[in-house]
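This briefing concerns charged and aromatic side-chain contacts. Please consult the sequence and the structure shown below while reading the points that follow.

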Amino acid sequence: MPLANLLTSLMALPKSGSRDAYLRFVNLAGDAALRRDGGLEHVTGSCFVFSPEFDRVLLCFHRKGQFWVQFGGHIESEDASVAEAAQREAREESGIGDLVLLSPAIVDLDRHDLHAGFSCTAHWDVGFAAAADPDAEISVSDESEEVRWFPINELPVQVPAGFSARLERARHTAIALSGTRTC
């Protein structure tokens, strides 16, 4: 079920080199693409958490990666979809237990190589979006050193290469999904 759901979600995206690469990878690897133990490269789910006005983003300082990034992680056997995995990970890593995705629509695709601190070599990350009240109580999970809100135009220096552009694209897609009008 999660594999068919992911393929349908990927096909709903506009044609692009990234989308086509994901489709090739997922079709070639099959169900193994969704399992942490399915190979050195696999799909992960992540979630960009925005303020309701989309002017701030909640990020975690990733313990292994040593950078600020959106919440996310591996798909577990109980996850019915990659979107559900992303929502679960965001809830676990932010401490916001009632966090809900804006939509099951994909807002970001990012394949990234991993360094020696990881047991796998690459993640094919599929990103989703949620909105949360910046006054909601947050907490830090074992996977992070810190969780903090940042203004969209004042991100910390320690973000992965290309993160700012990805965040902006995800933000614009999330705004469209929410039906919110911003300046």
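Arg88 counts as buried in this predicted model, its relative accessibility being 15%. Its side chain meets that of Asp79 in a salt bridge, with an N to O distance of 2.8 Å. Asp79 is likewise buried, at a relative accessible area of 5%. In total, the structure holds 12 salt bridges.

- Asp110 is buried with a relative accessible area of 18%, and Arg166 counts as buried at 7% relative accessibility.
- Through salt bridges that share partners, Asp79, Arg88, Glu89 and Glu92 are joined into one network.

- Arg35 is partly exposed, with a relative accessible area of 40%, whereas Asp37 counts as exposed at 64% relative accessibility.
- The class of Asp37 follows from its 64% relative accessibility, because exposed means over 50%.

**Aromatic pairs**

- The count of aromatic pairs comes to 7.
- One of them is formed by Tyr22 and Trp124, which are arranged edge-to-face with 5.0 Å from centre to centre and 80° between the planes.
- Tyr22 belongs to helix 2 (residues 17-29) and Trp124 to strand 6 (residues 122-131), so their pairing ties together parts that are 102 residues apart in sequence.
- Tyr22 is buried, at a relative accessible area of 3%, and Trp124 is buried as well, at 9%.
- Phe61 and Trp68 make an edge-to-face pair, because their ring planes stand at 65°; the ring centres are 5.4 Å apart.
- Phe61 counts as buried at 8% relative accessibility, and Trp68 counts as buried at 4%.

**Aromatic cluster**

- Four phenylalanines, Phe48, Phe50, Phe54 and Phe163, form one aromatic cluster.

How values were computed
Residues numbered from 1 in each chain as written. Predicted model: local features only at pLDDT ≥ 70, side-chain atom pairs only at ≥ 80, totals over all residues. Heavy atoms only, no water. Salt bridge = Lys/Arg side-chain N within 4 Å of Asp/Glu carboxyl O. Buried < 20%, exposed > 50% of the residue type's maximum accessible area, 1.4 Å probe, protein only. Phe/Tyr/Trp six-rings, centres within 6.5 Å; stacked < 30°, edge-to-face > 60°. Helix = DSSP H or I, 4+ residues; strand = E, 2+ residues; numbered from the N terminus.
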